[in-house]
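Please brief me on this model.

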Amino acid sequence: MKEISRFFLVLLLVPSALFGQPGDPIQDFLGETFYTETRISPDGRRVAFVAYTNDFGRDREDTAIWLVDLERSGSADPVRLTRQPGGYASLQWSPDSRLLSFLWTDETTGASHLHVLDPAGGGEPRRLTDPQRFGDGIYTYEWLPDGSGVLFLAADEPDEAALTEQRKTRELYGDVRRLPGPRLRSALYRLRVSPSGGSTERVVELPFELPGALAVSPDGGWSAVSGVDRSELLKTAETLILPLGPQAVAPRQTRNLSWEEILAWSGEDLVVAAMGEEGPDGRFALTEANLHRVDSGGRLTRIAPDLEGYVLQIVPLADGSLLTTTSVSTRFRISRVEPSTGRVTRLHEHPGWIFFLSASRDGGRVAFVASDSRHFPEIYVADGLDALARARPVTSFNAARNRGPLPEIEVTSWDNGEGDRVEGVLFWPPGRKGEKGLPLIVDLHGGPISVARTEAVALFGAFMSYPTLLASRGFLVLNPNYRGSAGRGDAFTRAVQGRHCSRPATDVITGAESLIARGWADRNRVGIIGYSYGGVVTNCTITRTDLFRAACSGAGSWDHLSRVVSSQRGLSWAETFYGGKLPWEALGLYWEESPVSRASRVKTPTLAVYGERDGVTPSQSQSIYWSLTAAGVPVELLVFPGEGHVFRKPSHKLTKVRAEISWLEHYLLGKPRIESTIP
């Protein structure tokens with residue numbers, strides 16, 4: 001037992017000690033309202049949104065659907081529509097703007113099912129999909145343009161042959177787990193919605209084990225479905241275009257080396273945002289997510305080459321044009337694209353972030369969630385595409401946080417010594433901009449592709465990254481957009497392919513050195529923190545320099561050879577970062593790009609954290625612990641029971657942030673560790 005307790009440092013939470021009393025700045029910071037979706041009605045009269053807060057009293061996320069009536073004179077307060085615990089996602093309005101639909105995830109079963117409610121008529125949400133028939137829930141859905149019902153994706157119902165196979169498998173193996181196991185099957189279904197209920201019919205079996213996005217053409221004659229097999233290899237990641245009516249046209253399917261992330265119809269044309277392409281050597285080459293049209297042969301043709309940045313969202317308008325949000329380095333941009341001509345009209349550039357863009361059918365009203373350097377997230381509505389810069393907030397859940405004191409935020413850049421100009425965002429302690437000799441923390445984003453640091457006080461996943469909170473405690477914080485980050489073009493993104501450890505680490509080190517050279521940062525008080533891919537880059541960086549006096553590594557890989565061959569997503573990792581070369585084809589490269597190869601060089605005291613159910617992460621984080629223990633480096637490991645990659649329990653989020661801040665402040669500022677301060 002002594003060895004086990006030394007290996008796993010699992011914090012059992014004592015509310016009075018670890019939650020802190022009211023007014024605890026860390027708990028207060030995590031009390032922000034997080035907006036996860038917004039959807040304006042087709043007629044532009046109402047906007048619905050999903051929001052959650054961390055309920056520390058009940059130790060769960062309090063998630064709900066809210067509604068704002070935009071037609072009321074003056075400012076209408078949001079009305080809460082749901083109170084049932086669980087997850088709410090995929091908000092959509094019926095085409096006539098009467099019904100609001102959504103997926104609700106039961107916390108007990110984990111299955112998501114389709115529900116509708118009539119906001120004007122009141123009453124409770126009504127479930128449309130049958131939990132008995134679709135025990136695993138449904139993946140996603142789309143309304144049919146005529147409002148008669150929806151299409152949805154779900155696991156296919158087994159036929160007699162499949163049932164026989166399942167029975168024989170159970171008889172032979174019992175409760176033994178077997179890989180690969182029977183092939184997963186998925187299907188497209190049509191559900192007819194009526195006041196008395198509705199009927200569900202199976203449309204067609206899909207060629208994907210794991211379906212992804214779904215889109216229906218404006219005339220209702222076609223649907224498009226993306227998906228992938230369990231292996232998540234690129235050769236299985238495609239899009240299928242299916243006729244829905246009696247037209248004598250065969251389905252067509254893409255065949256490429258691209259990840260088709262977003263599907264949208266522009267008239268009769270299917271437009272996709274796809275990341276990656278086939279390189280000159282026939283292998284996968286990284287790119288940002290760019291706009292493409294799917295031609296009659298299933299090939300992708302790039303459109304709108306003047307559209308800068310990584311495409312994050314596509315919103316079709318009734319006239320066939322598309323609204324897009326793109327990440328352009330440290331800012332976000334809304335543009336209008338004419339797919340037929342490729343013309344791009346820049347509508348709004350936001351110094352911060354914008355997500356969950358939604359528009360009325362004619363584009364006369366637009367809603368989105370945004371944050372910038374002086375404002376925590378709220379939902380904004382603009383009366384027309386030419387009024388985006390004058391959008392007004394229709395929520396004020398986080399308004400008190402804007403009164404500060406807030407950090408001063410600015411964009412900075414530096415030469416990485418390898419021919420690139422790297423950009424990042426600086427968070428200065430409130431009222432101390434330009435001060436010399438500050439303790440510095442380099443805070444690394446995840447991804448790496450599609451995620452970039454922006455000029456905003458609030459970042460998604462506050463328990464993963466919290467530069468505003470760190471700045472409030474006296475730290476100068478650098479958020480670098482290292483190579484691989486979104487918004488700097490395909491070449492900048494592709495630079496991490498085959499060098500996804502060494503090159504980001506170089507950018508991070510040179511970024512910290514640039515602040516030291518300017519006199520702003522104290523060389524003797526420099527720390528580093530990152531989660532997910534930010535944890536990977538943290539691990540890479542501390543094996544290449546002793547500049548950092550403290551490190552916090554969250555859910556990051558350590559041994560890339562074992563990562564590829566020990567997890568479901570390992571092979572897709574090899575495709576993305578090694579051009580499809582497996583460890584035995586490029587052993588030297590894998591070893592050199594794995595932090596474990598330089599473990600003996602680490603001098604930085606390191607705190608590692610992970611969720612117990614986070615795929616391959618537990619074994620990777622345990623490897624960090626034992627490697628640094630063998631190297632004689634101060635190291636601790638926190639294991640969060642029941643959590644996956646994204647933590648759900650507020651107590652776990654609070655413990656993670658408090659433990660990391662304690663670690664950084666102990667090694668950089670000489671403060672006592674958190675446990676020594678508990679009575």
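This is a predicted model: local features need pLDDT of at least 70, side-chain atom pairs count only at pLDDT 80 or more; totals for chains, interfaces and linings use all residues.

Residues are numbered from 1 along each chain as its sequence is written, and side-chain values use heavy atoms, with hydrogens and water left out.

**Second largest pocket**

- The second largest pocket has a volume of about 510 Å³. A pocket here is an open set of points on a 1 Å grid over the protein atoms alone, where a 1.4 Å probe fits, with protein on both sides within 12 Å along at least five of seven lines. Its volume is the space filled by probe spheres set on the points, which are joined across faces, edges and corners.
- Lining residues have an atom within 4 Å of a point.
- α4 gives the most, with three residues. Helices (H or I, at least four residues) and strands (E, at least two) are DSSP runs, numbered from the N terminus.
- By class, the lining holds nine nonpolar, three polar and nine charged residues.

- β7 spans residues 112–117, and six of its six residues are buried. Buried means under 20% relative accessible area, exposed over 50%, partly exposed in between (1.4 Å probe, protein chains only).
- S112, L114 and V116 point one way from β7. H113, H115 and L117 point the other way.
- β6 (residues 100–105) pairs with β7 in the antiparallel sense over six bridges. Two strands pair if DSSP finds at least two bridges between them.
- W104 has H113 of β7 as its bridge partner.
- β6 and β7 form a hairpin with six residues between them. In the turn, G110 has a positive phi of about 80°.
- β8 (residues 126–127) is joined to β7 by two bridges, and the two run antiparallel. V116 has R126 of β8 as its bridge partner.

**Open four-stranded sheet**

- The strand order is β21-β22-β23-β24, with antiparallel pairing. β21 (310–316) and β24 (343–350) are the edge strands, each pairing on one side only.
- From one strand to the next, the twist averages 25°. Axes are lines fitted to C-alpha atoms, for helices over the stretch in contact, and angles run from 0 to 180 degrees between N-to-C directions.
- Seven bridges link β22 (residues 322–328) with β23 (residues 331–338). T326 stands opposite R333 in β23.

**Backbone exceptions**

- Most residues other than glycine have a negative phi, and most peptide bonds are trans.
- L179 to P180 is a cis peptide bond, with omega near 5°. P180 is in the loop between α4 (160–173) and β11 (186–194).
- G404 and P405 are also joined by a cis peptide bond, with omega of about 10°. P405 lies in the loop between β28 (392–393) and β29 (408–415).
- S329 is not a glycine, yet has a positive phi of about 55°. S329 sits in the loop between β22 and β23 and is buried, with a relative accessible area of 8%.
- A555 is not a glycine either, and has a positive phi of about 50°. A555 is in the loop between β34 (550–554) and α9 (560–565) and is buried at 7% relative accessible area.

Note on methods: Ala, Val, Leu, Ile, Met, Phe, Trp, Tyr, Cys and Pro count as nonpolar, Asp, Glu, Lys and Arg as charged, and the others, Gly among them, as polar.
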